[in-house]
Amino acid sequence: MNREAMPIHIDYMRTAASNVILIGESAGADWILIDAGMPGFAAAIAGKAAELFAGRAPLAIVLTHGHFDHVGSLPGLLRRWDVPVYAHKHELPFLTGKADYPASVLVGGSGLLSRIVPRHPHKGIDLGEQVLALPPDGSVPGLPEWRWIATPGHSKGHVSLFREDDRTLIAGDAILSVKPEAAFTVLAREEEVHGPPEPFTDDWNRAGESVQKLARLKPEALFCGHGLPMAGVALRDSLERFAANGLPCGSSSD
Ligand SMILES: [Zn+2]
Ligand SMILES: [Zn+2]
């Protein structure tokens with residue numbers, strides 16, 4: 001069946017500070033959820049899914065990484081949907097209760113954020129056997145046109161997702177379309193490529209390499225973990241400029 005007859009549907013939803021992405025082939029068709037947002041948004045995410053996909057559960061949930069702002073509503077969603085969760089194998093220790101992320105202080109939390117950020121945001125969660133390693137061949141379960149790309153640095157097992165056909169990139173926190181210092185504020189609206197948010201980013205050299213890797217993909221559309229989607233000339237110019245200048249390592253640590 002051709003693309004016109006069966007359009008690919010990509011949508012995103014903001015959960016206070018971070019985005020979740022919903023990808024399906026059409027209304028009522030199989031679909032996949034990318035990331036699970038901030039805590040407290042399970043009902044809202046499920047509501048959006050019901051609107052887009054006629055109430056069907058996703059085939060799977062794929063995580064770009066396991067930081068609290070990307071898995072916050074996962075427990076609530078898994079109570080609704082008994083589906084597998086996929087992440088990079090290097091992220092699994094943080095998702096199975098075996099490791100915590102480096103402790104880090106979140107700055108700039110607004111009133112809303114201070115209510116929904118957990119007391120220990122660096123603590124890993126324990127999904128037990130419900131979380132599985134992404135296939136080593138780069139394929140993405142449930143999304144045959146997509147492949148996952150290792151983009152470590154912001155976290156050890158961070159991945160981005162890419163569809164070659166229309167050069168759509170889902171970059172998680174490897175690059176942002178909002179200033180990193182504004183990633184956790186509610187009002188951030190901007191269309192410019194930036195590096196990962198400083199909280200938790202534990203390897204700036206690898207994070208810089210990951211930015212270069214993503215720039216080489218020459219994406220035509222970009223969805224990030226924080227900030228608005230970007231596309232076309234604005235994305236191309238901004239990403240090229242950003243990649244050429246390199247990542248300011250640990251921006252506030254000079
Ligand atoms: Zn993160
Ligand atoms: Zn994030």
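Leaving aside neighbours within four places in sequence, H158 is in contact with T64, H65, E91, I149, A150, T151, P152, A171, G172, D173 and A174, where contact means heavy atoms within 4.5 Å. The model is a predicted one, in which local features need pLDDT of at least 70 and side-chain atom pairs count only at pLDDT 80 or more, while totals for chains, interfaces and linings use all residues. Residues are numbered from 1 along each chain as its sequence is written, chains are lettered from A and ligands numbered from 1 in the order in which they are written, and side-chain values use heavy atoms, with hydrogens and water left out.

H158 sits in the loop between β8 (143-150) and β9 (159-163). Strands are DSSP runs of E with at least two residues, and helices are runs of H or I with at least four, both numbered from the N terminus. H158 counts as buried because its relative accessibility is 1%; buried means under 20% relative accessible area, with a 1.4 Å probe and protein chains only. The side chain of H158 also reaches the backbone nitrogen of A174 at 3.4 Å.

A second residue to look at is T15, which lies in strand β1 (residues 9-15). T15 counts as buried because its relative accessibility is 0%. Leaving aside neighbours within four places in sequence, T15 is in contact with V20, G37, M38, F41 and I45. The C-alpha atoms of T15 and A44 are separated by 8.5 Å, and these residues are 29 residues apart along the chain.

What of the protein chain as a whole? The protein chain has seven helices and twelve strands. Of its 254 residues, 53% count as buried. Among contacts in the protein chain with a separation of 6 or more, 66% come from residues 24 or more positions apart.

Rolling a probe the size of a water molecule over the atoms shows where empty space is left. A cavity is a set of points, on a 1 Å grid over the protein atoms alone, where a 1.4 Å probe fits but cannot get out. The count comes to one cavity of 30 Å³ or more, and the largest cavity has a volume of about 40 Å³, a volume being the space filled by probe spheres set on the points, which are joined across faces, edges and corners. The lining of the largest cavity, made up of residues with an atom within 4 Å of a point, consists of N19, I21, I34, D35, T64, I170, G172, F223, C224 and G225. T64 and G172, both in this lining, are also among the contacts of H158.

Notes: 1 Å grid on protein atoms, 1.4 Å probe; cavity = no way out; pocket = protein on both sides within 12 Å on 5 of 7 lines; lining within 4 Å. Buried < 20%, exposed > 50% of the residue type's maximum accessible area, 1.4 Å probe, protein only. Polar contact = N/O pair within 3.5 Å; in protein donor to acceptor, adjacent residues only side chain to side chain.
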